[in-house]
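Me: I'd like to talk through this model with you, starting with the overall layout and then moving to the details. Could you keep the answers plain?
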Amino acid sequence: MEEQMAKIDLSNISHTYNPLDPKPTYALNPFSMTWENGKRYAILGPSGCGKTTMLNIVSGLVRPSKGEILFDEIPVTDLKTEDRNIAQVFQFPVIYNTMTVYDNLAFPLRCREFTKEKIEERVKAVSDTLNLSSFLNSPARKLTADQKQLISLGRGLVREDVAAVLMDEPLTVIDPDLKFRLRRNLKEINEQYKTTLVYVTHDQNEAMTFAENIIVMDQGEIVQVGLPKDLFEKPKTTFVGYFIGSPAMNIFHSTVSSDHEVKINDTTIKTNSNLGNLKDKNVKLGIRSEFIELAEKEKSNTVKIKLTRVEDFGNFKLLTGKMGDLVIKSKVEREKPIPDGELNLYFPPEKCCVYSDEKLV
Amino acid sequence: MSKLYTFLKYFFITFWTVFVVAPFLWAVSTSFKDFQSVNSKVTYIPWLDFEPTLEGWRVLIKSPAKGGVDIVEPYFNSIFVTCTASLISIVLGTLAAYALSRFTFKAGFVRNNDITFFFISQRIMPPIVLSIPFFIFLSTIGLLDSLLGLVVVYIVLLMPIAVWIMVDFFNRVPKELDETALIDGCNPYQAFYKVVLPNSIPGLIVAGMFCIIFGWIDFFFAFILTFTEVQLLPVKVVALNSSITPWWSLSASALVSVAPLIIVAFIVERYLSKGNLSGALK
């Protein structure tokens with residue numbers, strides 16, 4: 001069979017659902033992006049940020065208001081969904097009720113007129129991967145919700161030659177244990193068959209564990225594209241800082257006091273950012289609670305806080321403290337003794353991110 | 001308390017059953033009576049109260065020349081008109097309903113809902129309003145007093161029912177089902193008849209049932225639009241009446257008229273009780 005997996009280019013895509021309005025609201029603001037062949041991508045963002053619109057544009061269910069989509073440099077913007085060779089799995093199971101599980105899985109291949117032997121072989125392989133082998137002859141409507149979702153997933157994976165498998169929060173209805181296993185299965189499938197997988201989710205853990213590349217979206221805008229590590233350590237905007245990580249990034253209003261220093265209330269904090277042209281401007285300082293360390297005594301880059309709460313999460317403790325009216329959260333090792341009342345927290349300069357206008361300096 | 005509830009429940013069910021079934025039993029019994037058994041005194045049970053006779057039934061198949069009222073031809077006319085009109089209504093109505101459910105239409109101020117309402121409005125109108133236009137229409141195209149003319153009129157009457165039921169049904173079928181079919185490689189037509197349609201069988205059955213019922217029981221248009229060439233069952237049954245009411249043959253004809261609907265009800269009930277009407281896509 002012809003190798004058809006493709007590099008997917010989204011070039012200057014934007015989309016509005018009310019194009020005739022004099023002031024259309026954009027579900028997707030103009031962006032360009034490339035999905036490399038055989039990689040795993042996660043699109044992460046809150047509800048209504050345009051994730052699903054983006055998937056539907058790639059699969060052809062929605063025609064973008066502007067821009068072009070290319071599969072391997074060939075424009076497919078005007079190509080119909082059925083001719084695009086994309087697999088898409090929706091949030092809720094969609095199955096063909098009147099067919100058996102086998103027929104459900106075979107359907108995409110039959111539509112594309114594969115030979116009987118090939119269909120049998122592929123359905124067997126996919127049903128083995130998804131633990132559906134024992135149900136192949138039962139009517140699909142008799143299965144439980146998570147098994148039905150496995151069928152939807154299976155229909156996406158049954159074609160070896162798809163350009164990409166797009167998944168729109170596919171594991172919502174699946175119980176946590178199976179979810180974990182399936183994510184690993186998907187990873188294996190990706191590694192084995194080199195199928196490009198695009199996975200939409202609002203769950204950062206899902207995105208972090210699944211994908212090599214994460215695309216963070218907010219209000220129709222792509223905010224940051226990068227490796228999980230980048231998103232965690234150097235969020236490009238305060239939104240990414242808030243959205244990724246648990247607890248969210250600590251973000252403080254502060255003023256630039258010198259080339260590398262900012263002032264929070266009256267405490268000076270040194271950073272590695274170059275703040276030369278922002279002098280005396282109001283900025284925001286962000287630091288992950290994971291990177292804040294307990295300090296024995298006051299030194300440079302420490303802040304004095306009043307401890308208000310200690311929560312034990314089992315593998316770590318989460319300290320919540322107050323400096324004036326600013327709330328600071330810090331994760332510390334479970335074994336570490338926590339002094340009562342006031343304590344000093346150290347902000348490593350290399351871990352401090354400075355945001356001007358919500359964007360990383 | 002619960003005993004009282006159970007008692008009341010069974011009481012009302014029994015009461016209702018008697019209420020519904022009694023006229024049927026009465027008709028069955030009457031259809032085997034003769035003039036004497038109907039008019040002399042109240043009689044109920046054959047052989048005990050009266051001597052059963054098949055005269056009431058025989059009249060129905062005897063030709064008028066031999067003093068009968070042949071209802072066989074009107075019977076088959078009715079079956080033909082009802083089935084043809086229902087079938088065409090279901091096919092056209094389902095296609096229309098799918099389009100109304102899945103695509104957005106715009107013509108001036110007219111939107112999908114207005115079009116759907118237009119269909120339904122055909123049934124809201126009192127039928128008598130339509131009688132003169134239909135009469136003129138059929139006489140213009142020369143289809144008065146013909147089976148084809150009746151089929152045309154019945155399609156007009158039945159299609160709104162099909163559209164109405166199927167629009168509602170398709171609206172409850174998630175559009176992701178069609179989209180999945182497209183993604184799996186169907187073109188829109190294949191998606192419709194390979195995926196959406198098989199999923200809509202319960203809806204089709206309900207729509208079909210209503211079409212058959214409303215087509216079968218129509219008296220008004222059958223009466224107005226036919227004269228001598230073609231007669232439908234309801235008209236013929238009414239025509240049985242004469243100066244001496246033939247209760248026996250009226251009862252017999254009533255029973256044979258209802259029979260097809262009872263059969264339809266049994267078939268449909270099997271599908272409805274499968275529970276896949278409401279839960280078709282859960």
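Me: To start, how many helices and strands are there in chain A?
Reply: This is a predicted model, and in it chain A has eight helices and 21 strands. The C-alpha trace of chain A spans about 75 × 50 × 35 Å along its principal axes.

Me: What share of the residues in chain A is buried?
Reply: Of the 361 residues in chain A, 41% are buried. As for contacts in chain A between residues at least 6 apart in sequence, 66% of them join residues at least 24 apart.

Me: Into which domains is chain A divided?
Reply: Chain A is divided into domain 1, covering 8–239, and domain 2, covering 246–360. The centres of these two domains of chain A, taken over C-alpha atoms, are separated by 39 Å.

Me: Where is P247(A) found?
Reply: P247(A) is in the loop between α8 (238–243) and β11 (250–258) of chain A, and the peptide bond that joins S246(A) and P247(A) is cis, with omega about 0 degrees.

Me: Switching to the other chain, what are the domains of chain B?
Reply: Chain B is divided into domain 1 (2–66) and domain 2 (72–272), and their C-alpha centres lie 32 Å apart. The contact between them takes 13 residues from domain 1 of chain B and nine residues from domain 2 of chain B.

Me: Which helices supply the domain 1 side of that contact in chain B?
Reply: On the side of domain 1 of chain B that touches domain 2 of chain B, α1 (2–31) and α3 (55–61) of chain B each supply at least two residues. The largest share of that side, six residues, comes from α3(B). By class, the domain 1 side has seven nonpolar, three polar and three charged residues.

Me: What about A254(B), where is its place?
Reply: A254(B) sits in helix α13 of chain B, residues 247–272. With 18 other C-beta atoms within 10 Å, A254(B) is partly exposed. Not counting residues up to four places away in sequence, A254(B) touches A27(B) and V237(B). The C-alpha atoms of A254(B) and V81(B), which are 173 residues apart along the chain, are separated by 19 Å.

Me: Back to the two chains together: how many residues does the contact take from chain A and from chain B?
Reply: The contact takes 17 residues from chain A and 16 residues from chain B. On the side of chain A that touches chain B, β6 (86–89) and α2 (101–111) of chain A each supply at least two residues. That side of chain A has nine nonpolar, five polar and three charged residues by class.

Me: Since α2(A) came up, at what angle do the axes of α2(A) and α3 of chain A cross?
Reply: The axes of α2(A) and helix α3 (residues 116–129) of chain A come within 10 Å and cross at roughly 130 degrees, so α2(A) and α3(A) are oblique to each other. Their crossing is right-handed.

Me: Which residues meet there?
Reply: From α2(A), Y102(A), L105(A), A106(A), L109(A) and R110(A) meet I119(A), R122(A), V123(A), V126(A) and S127(A) in α3(A). By class, this contact of α2(A) with α3(A) has seven nonpolar, one polar and two charged residues.

Me: And how do α2(A) and α4 of chain A pack?
Reply: α2(A) and helix α4 (residues 145–157) of chain A pack at an angle of about 30 degrees, with their axes 7 Å apart, and α2(A) and α4(A) are therefore roughly parallel to each other. The crossing of α2(A) and α4(A) is right-handed. In this contact, V101(A), N104(A), L105(A), F107(A) and P108(A) of α2(A) meet I151(A), G154(A) and R155(A) of α4(A).

Technical notes. Residues numbered from 1 in each chain as written. Chains lettered and ligands numbered in written order. Predicted model: local features only at pLDDT ≥ 70, side-chain atom pairs only at ≥ 80, totals over all residues. Helix = DSSP H or I, 4+ residues; strand = E, 2+ residues; numbered from the N terminus. Buried ≥ 20, exposed ≤ 12 C-beta atoms within 10 Å, placed from the backbone. Contact = placed C-beta atoms within 7 Å. Nonpolar A, V, L, I, M, F, W, Y, C, P; charged D, E, K, R; others polar. Axes fitted to C-alpha atoms, helices over the stretch in contact; angles between N-to-C directions. Parallel < 35°, antiparallel > 145°, perpendicular 65-115°, else oblique. Left-handed = near helix turned anticlockwise from the far one by under 90°. Domains from an automatic or database assignment.
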